[in-house]
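Student: Hi! Could you walk me through this structure? I'm new to it.
Tutor: Happy to. Let's bring it up and start with the strands.

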Amino acid sequence: MTERELSFSLVGLPPNDNATRRMHWAAKGREVAVWRDAARWAALAALAGSTLRRPVHRCVVEYDFRVTHRHRQGVDALIGASKPVLDGIVDAGALPDDGWLIVVEVRGRVSLDRQAGMTVTVRQLE
């Protein structure tokens, strides 16, 4: 069985809920739009060489986060902040939607690195 997947990387990390909680709604919307658009373009570029077979009926989304500090931050907060990234993948047409019937599992790993960023992998399930 050939593994069918889509993978791409983004520089930086989207702001978590604590960072955006006190932002004006319009400023928060602009920040979300930047991440959603960046993910859409990265996913479109990655689709050209991916082994993903569309339409995707079930998949697992994996986030590999790279942080630059040892501050305590839950991986669940990083995953939650990455919602615009998942929306961008849907906007690119890689997934029909991001509901629980399609995205059956979301995984996250965190590692220490010199530059913050993330690698997103969508693994298609048979």
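**Strands, core and pocket**

Tutor: β2 and β3 pair in the parallel sense, over nine bridges. Two strands count as paired if DSSP finds at least two bridges between them, and helices (H or I, at least four residues) and strands (E, at least two) are DSSP runs numbered from the N terminus. This is a predicted model, where local features need pLDDT of at least 70, side-chain atom pairs count only at pLDDT 80 or more, and totals for chains, interfaces and linings use all residues. Residues are numbered from 1 along each chain as its sequence is written, and side-chain values use heavy atoms, with hydrogens and water left out.

Student: Which residue stands opposite Val-67?
Tutor: Leu-112, in β3, stands opposite Val-67.

Student: And in what order do the strands of the sheet come?
Tutor: The order is β1-β4-β2-β3, in an open sheet of four strands with mixed pairing. β1 and β3 (103–112) are the edge strands, each pairing on one side only.

Student: New topic: which residues of the largest nonpolar core touch the most other members?
Tutor: Leu-6, Phe-8, Val-85, Ile-89 and Leu-95 do, out of 27 residues in that core. A nonpolar core is a set of buried Ala, Val, Leu, Ile, Met, Phe, Trp, Tyr and Cys residues joined through side-chain atoms within 4.5 Å. Buried means under 20% relative accessible area, exposed over 50%, and partly exposed in between (1.4 Å probe, protein chains only).

Student: Which element gives this core its largest share?
Tutor: That is α2, with six residues.

Student: What does Leu-6 touch?
Tutor: Leaving out residues up to four places away in sequence, its contacts (heavy atoms within 4.5 Å) include Ala-43, Leu-47, Ile-89 and Val-120.

Student: Which residues of α4 are buried?
Tutor: Pro-84, Val-85, Leu-86, Asp-87, Gly-88 and Ile-89 are. Their cover includes β1, α2, β2, α3 (75–81) and β4. Just after α4, Gly-93 takes a positive phi of about 90°.

Student: What volume does the largest pocket have?
Tutor: About 190 Å³. On a 1 Å grid over the protein atoms alone, a pocket is an open set of points where a 1.4 Å probe fits, with protein on both sides within 12 Å along at least five of seven lines; lining residues have an atom within 4 Å of a point. Grid points are joined across faces, edges and corners, and the volume is the space filled by probe spheres set on the points.
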